[in-house]
Amino acid sequence: PPPNVQFGREEVEWDPPGADLNQPDEDEEAEFGRPQMQEVHHKDPETNSRAAKDKLAAEEPTDDLQRAEVLYRRMLAWRGADGFQAGNEVDQTIFKKSSSYRSVESSTWLSHSAKLGDSHMGMEEDAWRAAMDKLAAAHESAGDVERAESLYLRMLAWREGADQFQAGNYEVGQTLFKKSSTYRSVEDATWFLHNVKPDDGHMGMEAVALLALGEEIAAKAAIAVWTLALRASQREQLTKAGALELTAKAIAFHSNNPELQAAGAGVLRLLCSGHRLAQRNRRRVIFLGGAESILNAIQTFPDDCEVMREACGALRAMAHKNPVGARRIIENDGFKYCMEALEYPDDSVSSLASKAIGALQCAAEVDFRGTDAQAENLQAVWEARLREEREAGMRACCEKLRGPLTTGVLEAILATICIFMEDPVRYKFLNIVQPVVVCMQMFPGNPRIQVPSCQILLSLTSNGSLGNEHEEAIQKFAKCCGISPLVQAMKDLPCNLHLQRLAMGVLGNFLSGGDMNKTAAARATAIPTLITAMQRFKKEADL
């Protein structure tokens, strides 16, 4: 069995302070009911189970009798709760307390400590994983490999089912308990996933439940859940089935599996966008450690295109209109990793990295109820932090523009510079005017190059500085003969309203620089080009 399975043991803060995310939104349907779980009967003979436990206890070292007793009693607890019922508090107690059964005395002490409450119970070492490994190993050493694998998968399902039930995800907990007896092997558990299509929404519950069953099965289940989540209409159903929580757990525990990391990041990206519970999921995934897990995947698999693409997309989705998420990502160096991903050779990765950087700009927004002083302090701290990140990002982009770049990378870098142009720090980088004009000359007719280039030039030449930096930018634009590629862009893309607006703004700023600039514009045929645009967009008053 895998040596590092720890499903269901981590302590996660589910909700942000002051907010009960377990309660539905105003437009959400009524809370899930508590379904009655059907009793699960094992087909395995009782004598086989007890014999395995007796054999395992007998194999323990004689100088560690307590360890043998711990294992024996814990397995009895799991076996006794095989017929777990949703409303049976006794069986819930068995699942919750089985890891604390250290000896006859400790299990007897439970009845006395119940009167004092759980707050007085000490933290016990969790030996559940070791006990599960040893029980399966006992069957494997006896030559019953199938039985060992079956026990391992079944107990993973039990453990996660109990955790999901306690967390309020009754449907996925019910599915885990009901299906646990059918998990005989990896093939038995995953056979129905081979031909999953986006329209197979009825498979969502079972596919989500499989995310709890170890690395190999979780990887296949994550791909299936990602496939189902491609349909926006099914994302709410997957959310209610516990897909967000189980996916976050899976990618955190199995961090060395690139297939699982790519599919899991894709699931988080889809569940955090495009449906009614998306904003709720963005908040919750941050408190599930989703941001840290995604950034860890970027560090672990920097050369895996699929992991990088889905990870950048997930970061963008988590930070979108979610200041808490944006701050958490930046605190874990997410800004730096996105800047590095801009140079990724795959165009989709660099594009999503640029969009993720744009989503992180909301980190300075205040999104909690507090005093005015607290809000102002938080905003000031994060505005200063963002300004530092933007300045470092601008410096890196300026250096990248002077080197050899593919078209896709160049498009992503220019789009990122446009994001940084919203900050007054832009006037520290007036030397970027000449490389931007060169880009316009090298890629005529390409809207993904021409539009952001015009946006950058408009930001630098507009009078938004305290000094005369914009006048210096106009002089640099005139010196590198930028008026010709600007007018040519208007001719090459005559139907692009956004570009026409931006180019006219740059042209207006340029003409304010004196008569020499006016003459240069006339020679570049700016007048007939302007008249053509006015005729084409007669109803656009601002143009």
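Predicted model: local features only at pLDDT ≥ 70, side-chain atom pairs only at ≥ 80, totals over all residues.
1. The cysteines deserve a word together. Searching the whole structure turns up 0 disulfides. Cysteine 481 takes part in none, and its nearest cysteine sulfur, belonging to cysteine 480, sits 7.0 Å away; a disulfide would need the two sulfur atoms within 2.5 Å. Cysteine 362, for its part, has a relative accessibility of 9% and is therefore buried, the cut-off being under 20%.

2. The largest nonpolar core contains 137 residues. Those with the most contacts inside this core are Leu210, Ile294, Met318, Ile417, Ile432, Ile456 and Leu486. As general background, nonpolar side chains in soluble globular proteins tend to be buried together.

3. Once neighbours within four places in sequence are set aside, isoleucine 417 touches Met394, Cys397, Leu401, Ile432 and Ile456.

4. H19 covers residues 347–359. With 13 residues at 1.5 Å a residue, H19 should span 18 Å, and its end C-alpha atoms are 19 Å apart, so the two values agree.

5. How is H19 placed among its neighbours? Its buried residues are Val349, Ser350, Leu352, Ala353, Ser354, Ala356, Ile357 and Ala359. These buried residues pack against four helices: H16 (305–319), H17 (323–331), H18 (334–341) and H21 (407–420).

6. Beyond neighbours within four places in sequence, serine 354 is in contact with Leu342, Ala412, Ala415, Thr416 and Ile419.

7. Finally, two backbone points to inspect. Aspartate 333, in the loop between H17 and H18, has a phi near 65 degrees, which is positive in a residue other than glycine. Its relative accessibility is 39%, so aspartate 333 counts as partly exposed.

8. Threonine 525 is the other one: although not a glycine, threonine 525 has a positive phi of about 60 degrees. Where is threonine 525 placed? The residue lies in the loop between helix H27 (515–523) and helix H28 (526–536). At 28% relative accessibility, threonine 525 is partly exposed.

Key. Residues numbered from 1 in each chain as written. Heavy atoms only, no water. Core = buried A, V, L, I, M, F, W, Y, C linked by side-chain atoms within 4.5 Å. Buried < 20%, exposed > 50% of the residue type's maximum accessible area, 1.4 Å probe, protein only. Contact = heavy atoms within 4.5 Å. Expected span 1.5 Å × (residues − 1).
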